[in-house]
Amino acid sequence: MQEVYSNRDSSIVGLVDGILRESGIRTLLKNWTGSNITEIPIPSLYPSIHVLDDSQIEEARRIIADYFSCAPVELPEWECRVCHNAVDGYLSECWSCQAEK
């Protein structure tokens, strides 16, 4: 088991962990709440992702690097077919009436 990623922001760690798990890489989260005990940044307490299978460490690092090197994609707004509200492109359902795209 080896650490492949850590960040002070647990939401980013959770996102990266989800990407790795969707790719079939088994992970373990450590220090999930440790960074919340102080306002002073202490890197040893940052939430971190550890890969359980050592043979997948390089693949996990590649997936993480690929994710952070991609430019964000801007998706065009769409109009809800039910309530006709404008909905941000990244949403798959209407924010107002929850109708699917």
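Colleague: Which residues is Ile 49 in contact with, leaving aside its neighbours within four places in sequence?
Modeller: Ile 49 is in contact with Gln 2, Glu 3, Val 4, Tyr 5, Val 13, Val 16, Asp 17, Leu 20, Thr 27, Leu 28 and Leu 29. Contact means heavy atoms within 4.5 Å. This is a predicted model, in which local features need pLDDT of at least 70 and side-chain atom pairs count only at pLDDT 80 or more, while totals for chains, interfaces and linings use all residues. Residues are numbered from 1 along each chain as its sequence is written, and side-chain values use heavy atoms, with hydrogens and water left out.

Colleague: Where is Ile 49 found?
Modeller: Ile 49 is found in strand 3. Helices (H or I, at least four residues) and strands (E, at least two) are DSSP runs, numbered from the N terminus.

Colleague: Is Ile 49 buried or exposed?
Modeller: Ile 49 counts as buried because its relative accessibility is 0%. Buried means under 20% relative accessible area, exposed means over 50%, and partly exposed lies in between (1.4 Å probe, protein chains only).

Colleague: Which residues make up the largest nonpolar core?
Modeller: That core has 12 residues: Val 4, Tyr 5, Val 13, Val 16, Leu 20, Ile 25, Ile 49, Val 51, Ile 57, Ala 60, Ile 63 and Ile 64. Two or more residues of this core come from each of strand 1 (2–6), helix 1 (10–22), strand 3 and helix 2. Helix 2 gives the largest share, 4 residues. A nonpolar core is a set of buried Ala, Val, Leu, Ile, Met, Phe, Trp, Tyr and Cys residues joined through side-chain atoms within 4.5 Å.

Colleague: What about Val 4; where does it lie?
Modeller: Val 4 lies in strand 1, and at 13% relative accessibility Val 4 counts as buried. Apart from its neighbours within four places in sequence, Val 4 is in contact with Leu 20, Ile 49, Val 51, Ile 57, Ala 60, Arg 61 and Ile 64.

Colleague: And what does Ile 63 touch, not counting residues up to four places away in sequence?
Modeller: Ile 63 touches Ile 19, Leu 20, Ser 23 and Ile 25.

Colleague: Changing topic: what joins the side chains of Ser 48 and His 50?
Modeller: The side chains of Ser 48 and His 50 are joined by a polar contact of 3.0 Å. A polar contact is a pair of N or O atoms within 3.5 Å; within protein, one must be able to donate a hydrogen and the other to accept it, and residues adjacent in sequence count only if both atoms are side-chain atoms.

Colleague: What else does the side chain of His 50 reach?
Modeller: The side chain of His 50 reaches the backbone nitrogen of Glu 3 at 3.3 Å.

Colleague: Are these two residues, Ser 48 and His 50, buried or exposed?
Modeller: His 50 is buried, because its relative accessible area is 9%. Ser 48 is buried as well, with a relative accessible area of 3%. Ser 48 is found in strand 3, and His 50 also has its place in strand 3.

Colleague: How far apart in space are Ile 49 and Ala 99?
Modeller: Ile 49 and Ala 99 are 35 Å apart, C-alpha to C-alpha, and 50 residues apart in sequence. For Val 4 and Cys 97, which are 93 residues apart along the chain, the C-alpha atoms are separated by 40 Å.
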